[in-house]
Amino acid sequence: MDRHLKTSSEKTALIWEPNNPNEEPKHISYKELHRNVCRFSNVLKSLGVKKGDRVCLYMPMIPELTVAVLSCARIGAIHSVVFAGFSAQALQDRINDSECKLIITADGSFRGEKVLNLKSIVDEAIQYCGSIEHCIMVERTKAEVNLVPDRDLLWCELMNESNDYCDATEMESEETLFILYTSGSTGKPKGVVHSIAGYMVGAEYSFRNVFQYQEGDVYWCTADIGWITGHSYVIYGPLLSGATTVMFEGVPSHPDYGRFWEIVDKHKVNIFYTAPTAIRALEAQGLDFVTPYKLDSLKVLGTVGEPINEEAWQWYHTHIGKEKCPIVDTWWQTETGGMMIAPLAGITKLKPTYATLPLPGVQPCLVDDKGNEIQGLNVEGNLCIKYPWPSMIRTTYGDHNRCKEVYFSAYPGKYFTGDGCKRDADGFYRITGRVDDVINVSGHRIGTAEVEDAINQHQEVVESAVVGFPHSIKGQGIYAFVILSKIEFNPNEICSQINELVKKHIGPIARPEKIQFVSGLPKTRSGKIIRRILRKIASGEINNFGDTSTLLDPEVVDLIVDSRNLTISK
Ligand code: PRX
């Protein structure tokens with residue numbers, strides 16, 4: 001930001017579009033943003049936040065969130081943003097794992113018709129967080145809140161008392177910029193650590209090149225800052241490039257399903273970046289929500305987070321891009337920090353459903369289950385990266401061995417992504433989805449183990465196994481197979497109790513779409529659940545289970561298939 005002050009201080013850095021279309025959007029210049037960041041940096045310092053301290057952000061999509069992120073960066077504090085849809089329990093786990101000193105939140109958040117009371121969730125979480133010294137609260141919804149004297153402080157009061165000048169703290173390139181928690185195959189979510197220089201190089205380089213950003217373009221990424229896409233492509237990538245970035249507080253369905261397109265026209269958005277799940281959800285509502293809008297400012301479209309199906313790609317291309325906007329299907333991960341395999345808009349040949357080619361400098365490879373690299377074209381395997389890149393994960397917070405184990409031990413000398421991938425006759429890459437026990441629901445990573453742990457909290461649940469199944473809008477839905485201690489329970493009642501438990505331990509996004517009560521689970525003789533079979537049953541493929549010779553009790557499979565009519569849907 002200091003750099004841009006010299007050349008573009010009056011330029012709009014951030015356009016903030018509120019949830020309610022009748023509320024005025026805000027246009028914040030680089031100068032103004034810089035000033036607010038300096039002021040808030042001084043607030044952080046006055047509360048004793050120092051270089052290396054962890055600060056948790058649990059906030060709605062409001063400009064103060066961007067200011068808080070950049071202020072942490074300015075003084076060398078490490079931000080840990082937690083998506084404001086996670087439960088108090090999930091928030092507490094993340095705060096405790098990295099021992100955050102301070103939490104920044106809001107009284108509440110507006111999401112379509114809903115108002116969420118964030119402060120009460122924070123209150124519930126931090127009663128068990130010994131490291132938290134203060135909570136700073138932005139007033140957004142004006143909901144009634146409980147303010148604890150000395151601990152809880154108001155954003156506006158602190159900002160009014162602060163001043164405009166704050167030097168940026170000098171940092172080593174390899175010091176930590178932020179932690180972001182993400183789910184994996186096993187255990188609790190891990191804190192992915194990104195470094196100052198490498199991460200920012202990756203974010204800016206990929207932003208400029210993939211979108212072919214031109215000075216003056218208005219850019220909008222619809223992701224929430226609680227996820228990596230929001231970090232890299234709402235905040236860091238565009239602001240490092242001196243672009244104008246749009247930040248949207250609401251949801252695509254409010255006040256109706258035309259909201260995205262209304263915003264594109266209103267702010268004359270040139271580059272638009274969203275998730276396939278949003279495209280499918282909007283496509284399902286029909287063209288009546290699209291045709292009232294011109295969409296003639298659009299030049300480049302992007303997708304991220306999950307594989308895009310051909311139908312959604314074509315709809316996006318025809319009805320939103322009017323067949324003139326290249327679509328960049330960008331593959332990357334929380335751990336990669338920035339885009340890794342993606343077309344360069346207008347340069348790389350497009351191929352629907354393909355993320356196409358690696359960014360210059362990125363070296364992907366496909367390996368078989370034995371770890372041998374698969375050469376040639378028209379092949380499929382596990383996607384690895386065989387050479388480091390600037391914005392790669394540095395460690396998992398507090399547990400460096402876990403980082404080595406999860407990412408670098410499956411295939412020695414290579415980073416393993418957890419994704420399956422095809423390479424076609426042109427050498428283009430197409431991501432086929434996760435090959436581990438991670439489910440991708442609406443572009444959000446959910447670990448099966450986490451959901452199972454939550455379900456198993458129910459006192460009548462003996463065991464559970466969670467898998468993903470194809471879902472027409474969300475990409476994947478969550479399907480839980482559950483064994484109860486007795487069969488005479490009311491299944492609907494148990495289902496809603498299970499849903500409540502998942503909501504309490506993780507958040508509403510992790511609630512199972514379908515729950516099937518079963519008498520047993522397919523296991524090997526050593527007791528390992530064979531999820532491959534459960535995935536097939538959940539997808540309705542009940543004819544060919546492949547090799548079942550390792551099953552301890554093959555009859556279990558027939559029993560599960562026969563009891564599919566007892567599945568309860570959300
Ligand atoms: O399975 C891949 C899928 O999302 C995973 C990464 O999730 P997360 O760390 O939450 O980051 C999401 C935003 C970058 C990947 O392992 N994924 C991401 N982008 C694509 C994708 N799958 C297919 N095509 C993509 N473009």
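**Note on helix packing, the ligand site and backbone geometry**

1. Helix H15, formed by residues 531-538, packs with helix H16, formed by residues 555-562: their axes come within 11 Å and cross at roughly 20°. The model under review is a predicted one. An angle under 35 degrees counts as roughly parallel, and H15 and H16 are therefore roughly parallel to each other. The crossing in which H15 passes H16 is right-handed. On the H15 side, the contact is made by Ile533, Leu534 and Ile537; on the H16 side, Val557, Ile560 and Val561 take part. Sorted by class, this contact of H15 with H16 has six nonpolar residues, with no polar and no charged ones.

2. A second pair consists of helix H7 (residues 196-210) and helix H8 (residues 228-240), which pack at an angle of about 80° with their axes 8 Å apart. Angles from 65 to 115 degrees count as roughly perpendicular, and H7 and H8 are therefore roughly perpendicular to each other. H7 contributes Tyr199, Met200, Gly202, Ala203, Glu204, Ser206 and Phe207 to the contact. From H8 come Ile228, His231, Ser232, Tyr233, Tyr236, Gly237, Pro238 and Leu240. By class, the contact of H7 with H8 has nine nonpolar, five polar and one charged residues.

3. In H10, the residues Ile279, Arg280, Leu282 and Glu283 meet Glu311, Ala312, Trp315 and Tyr316 in H11. The contact of H10 with H11 has five nonpolar and three charged residues by class, and no polar ones.

4. The next point concerns the ligand. How many residues surround the ligand, and which are the closest? There are 17 residues around the ligand, and the closest are Asp329, Thr334, Asp419, Arg434 and Arg445. In the side chain of Asp419, an N or O atom is 2.6 Å from an oxygen atom of the ligand. For Gly305, a backbone N or O atom lies 3.1 Å from a nitrogen atom of the ligand. A backbone N or O atom of Glu306 lies 3.3 Å from a nitrogen atom of the ligand.

5. Most residues other than glycine have a negative phi, and most peptide bonds are trans. Against this background, the peptide bond from His254 to Pro255 is cis, with omega near 0°. Pro255 has its place in the loop between strand E13 (244-248) and helix H9 (259-267).

6. Glu99 is not a glycine, although its phi is positive, at about 45°. The position of Glu99 is in the loop between helix H4 (88-98) and strand E5 (102-106). Glu323, likewise a residue other than glycine, has a positive phi near 65°. Where does Glu323 lie? Glu323 lies in the loop between H11 and strand E16 (327-330).

Conventions: Residues are numbered from 1 along each chain as its sequence is written. This is a predicted model: local features need pLDDT of at least 70, side-chain atom pairs count only at pLDDT 80 or more; totals for chains, interfaces and linings use all residues. Side-chain values use heavy atoms; hydrogens and water are left out. Axes are lines fitted to C-alpha atoms, for helices over the stretch in contact, and angles run from 0 to 180 degrees between N-to-C directions. Helices (H or I, at least four residues) and strands (E, at least two) are DSSP runs, numbered from the N terminus. Angles under 35 degrees count as roughly parallel, over 145 as roughly antiparallel, 65 to 115 as roughly perpendicular and the rest as oblique. A crossing is left-handed if the near helix is turned anticlockwise from the far one by less than a right angle, and right-handed if clockwise. Contact means heavy atoms within 4.5 Å. Ala, Val, Leu, Ile, Met, Phe, Trp, Tyr, Cys and Pro count as nonpolar, Asp, Glu, Lys and Arg as charged, and the others, Gly among them, as polar. A residue is near a molecule or strand if one of its heavy atoms lies within 4 Å of it. A polar contact is a pair of N or O atoms within 3.5 Å; within protein, one must be able to donate a hydrogen and the other to accept it, and residues adjacent in sequence count only if both atoms are side-chain atoms.
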